[in-house]
Amino acid sequence: QALEDQYSPSRWSPRLDRDTIIDAHLAVTAAGTERARASAQTLLHVPYGNGDGEKLDIYFPTDPSETFPVLVYIHGGYWQCLSKDDSGFAAPPLVSQGVAVVAVGYDTAPKGHMDAMVLQVRRSLVFLMQRYPRIRGIYLCGHSAGAHLAAMVLSTDWTEFQVVPDIKGAVLVSGVYDLEPILHTYVNDALNMSREVAQRNSPMRHVTPAVPAACEVLVAVAQHDSPEFRRQSQEYSQALRAAGWSVSLLDLAGVDHFDVIEKLSEDSYILTQV
């Protein structure tokens, strides 16, 4: 029961009770995405593979120069809810500064299993590199389960893909980097992971030594994330640092597991600025 509490982010917010905070989060991200789609030039539901969930949404910069950087956003939802269709809320401040934003879709559980989701996110980046030669550097941003998927991208051996995405930075927000603790919680009911699958897909266990071209990593955690979420962020950032990565840990005051990412729709928010 204690473990279930630790891995139930809705129980830790001082703003709203656990029954309303997730609905509020869905409403905020959906409304923000609607605003972003109304104001930006977009390409929606672009297939990067043949699967139903293998689509992405592109929000182009207001003033695209010859080349432009792209922020690839990977949504959370404990690998079983949310979608790219609620994941464009962070676009407006970025597209106004010449940055493209791509919201990646993947097959959530129970349809998708963990190995497949990790592979889908990796393949979406290969697709972007091949399809858009004007991209000047990819910046990954993942929230919660999406931070886990972004961290798995950092441990990818790209030799089998014939393309090495030009990843310049990764912003990992309130993530889970060791999946073993959630094996015994409600989170695994839909995921149905074995211990072997959890270990194979835990970024904490697959930190590779930083190569000279390794990207900068920002691990962000909310003041009102649970102690377990905060511990995971601290330990993963320490493991990256020990392996020679350039990593900073940002502890964001006054926010919980949900508004820590919702506020990316605001220009003045510290994480937007960073």
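Trainee: Which helix is histidine 148 found in?

Mentor: Histidine 148 is in helix α5, residues 145–154. Helices here are DSSP runs of H or I with at least four residues, strands are E runs of at least two, and both are numbered from the N terminus. This is a predicted model, so local features need pLDDT of at least 70 and side-chain atom pairs count only at pLDDT 80 or more, while totals for chains, interfaces and linings use all residues. Residues are numbered from 1 along each chain as its sequence is written, and side-chain values use heavy atoms, with hydrogens and water left out.

Trainee: Is histidine 148 buried or exposed?

Mentor: Histidine 148 is buried, at a relative accessible area of 0%. Buried means under 20% relative accessible area, exposed over 50%, and partly exposed in between, with a 1.4 Å probe and protein chains only.

Trainee: What does histidine 148 touch?

Mentor: Not counting residues up to four places away in sequence, histidine 148 touches Trp79, Met114, Val118, Val176, Leu179, Asn201 and Pro203. Contact means heavy atoms within 4.5 Å.

Trainee: And how many residues of α5 are buried?

Mentor: In α5, 10 of the 10 residues are buried, so the helix is largely enclosed by the rest of the structure. Among them are Gly146, His148, Met152 and Leu154.

Trainee: Switching to loops. Where is isoleucine 182?

Mentor: Isoleucine 182 sits in the loop between β6 (167–173) and α6 (187–191). At 0% relative accessibility, isoleucine 182 is buried. Neighbours within four places aside, isoleucine 182 is in contact with Tyr7, Trp79, Val187, Asn188 and Met193. Trp79 is also on the list for histidine 148.

Trainee: What about phi at histidine 45 and serine 174?

Mentor: Histidine 45 is not a glycine, yet its phi is positive, about 60°. Serine 174, also not a glycine, has a positive phi of about 50°.

Trainee: Where are those two?

Mentor: Histidine 45 is in strand β1, residues 41–47, and counts as partly exposed at 40% relative accessibility. Serine 174 lies in the loop between β6 and α6, and is buried at 0%.

Trainee: Zooming out, how many helices and strands are there?

Mentor: The protein has 10 helices and eight strands. Its radius of gyration is 17 Å, close to the 19 Å that the globule rule gives for 274 residues, so it is as compact as a globular protein of that length. That radius is taken over C-alpha atoms, and the rule is 2.2 Å times the number of residues to the power 0.38. Of the 274 residues, 55% count as buried.

Trainee: Last one. What does UniProt list for residues 56–156?

Mentor: The unreviewed UniProt entry lists "domain: BD-FAE-like" there. UniProt positions are given in the numbering used here, feature names are shortened, and annotations may be inferred rather than shown by experiment. Over that stretch the chain is 33% helix and 26% strand, with the end C-alpha atoms 20 Å apart.
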